[in-house]
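Please read them with the structure open.

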Amino acid sequence: MQIFGVDIGGSGIKGAPVDLERGDLAQERHKVLTPRPATPDAVADGVAEVIGHFGWSGPIGITFPGVVTGSTIRTAANVDKSWVDVDAARLLGERVGGLPVTVLNDADAAGVAEMTFGAGRGRKGTVVLLTFGTGIGSALFHDGVLVPNTELGHLELHGHEAEKRASTKAKEDEELSWQHWAHRVQKYLAHVEMLFSPELFIVGGGVSRKAEKFLPLIEGVRAELVPAQLQNNAGIVGAAMAAGARA
Ligand code: BGC
């Protein structure tokens, strides 16, 4: 079965039909830049453009980079604040001609995809997936079951919000070396480990493509530490899985 997945990120809105048996994109993905400011209407136009590119008519799963309860957006750290309290499934569904839309947090979507098709496949116990990008997203699993909206990127670390120090945006903005950034990521992982004692950390987000540049620099974390396998497609695949579970 194919379901459409869309990943709304801080820099791009990307989507493709997903083959749910293989857990992979069924066609090459299409991407548009995230509008600035990333208001609900402007983002909805971007989402409609991505879906329209494929002439898709069927269920759609969409990730959002903030807390999502039911289909209502509760936080918007890296997109326009006017998203808060918006019923995203309704707004986006109306924009795409009434197709059924499921919305979930972006890191939760990536986590669900990795636990089924990627680095977390078959893993029991506590697993934490962290996505490093514009912010830091988190997905917490115990015996394969997701606890949604954990928002561990906003933990406080040495008096700062962790994602302001250890996201890849912080690395770029402050022009940090891999070594320096890895040191910050290590401190952050140690903090999350202290709270949840996971067996496994999965490191996702675009930077997971460059895992060899920084994962070997991270020491002193007891949990196994591995890069995500679906890399930047995990959100699209997880979004489609979430919509597929409802279809
Ligand atoms: C948001 C999370 C999101 C993460 C990655 C954070 O700023 O609060 O909901 O998962 O960024 O996009």
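1. Start with Glu 151. One of its polar side-chain atoms lies 2.5 Å from an oxygen atom of the ligand. Keep in mind that this is a predicted model.

2. Asp 106 also reaches the ligand through its side chain. An N or O atom there is 2.5 Å from a ligand oxygen atom.

3. Gly 66 takes part through its backbone. A backbone N or O atom of Gly 66 lies 3.2 Å from an oxygen atom of the ligand. How much of the ligand's accessible area does the protein cover? On its own the ligand has 310 Å² of accessible area, and the protein covers 94% of this.

4. Where does the ligand sit? The site is the largest pocket.

5. Now the shell. The residues that surround the ligand include Pro 65, Ala 77, Asn 78, Asn 105, Gly 135, Ile 136, Gly 137, His 154 and Glu 163. Gly 66, Asp 106 and Glu 151 belong to this shell too. Sorted by class, the shell holds six polar, three nonpolar and three charged residues.

6. Next, the domains. The chain divides into domain 1 (2–105 + 234–246) and domain 2 (119–229). Their centres, taken over C-alpha atoms, are 24 Å apart. To the contact, domain 1 gives 10 residues and domain 2 gives seven residues.

7. Why is the ligand placed between the domains? Domain 1 and domain 2 both supply residues to the shell around the ligand, so the ligand lies between them.

Notes
Residues numbered from 1 in each chain as written. Predicted model: local features only at pLDDT ≥ 70, side-chain atom pairs only at ≥ 80, totals over all residues. Heavy atoms only, no water. Near = heavy atom within 4 Å. Polar contact = N/O pair within 3.5 Å; in protein donor to acceptor, adjacent residues only side chain to side chain. Areas by Shrake-Rupley, 256 points an atom, 1.4 Å probe, with all protein chains shown as cover. 1 Å grid on protein atoms, 1.4 Å probe; cavity = no way out; pocket = protein on both sides within 12 Å on 5 of 7 lines; lining within 4 Å. Sits in = over half its atoms within 2 Å of the grid points. Nonpolar A, V, L, I, M, F, W, Y, C, P; charged D, E, K, R; others polar. Domains from an automatic or database assignment. Contact = heavy atoms within 4.5 Å.
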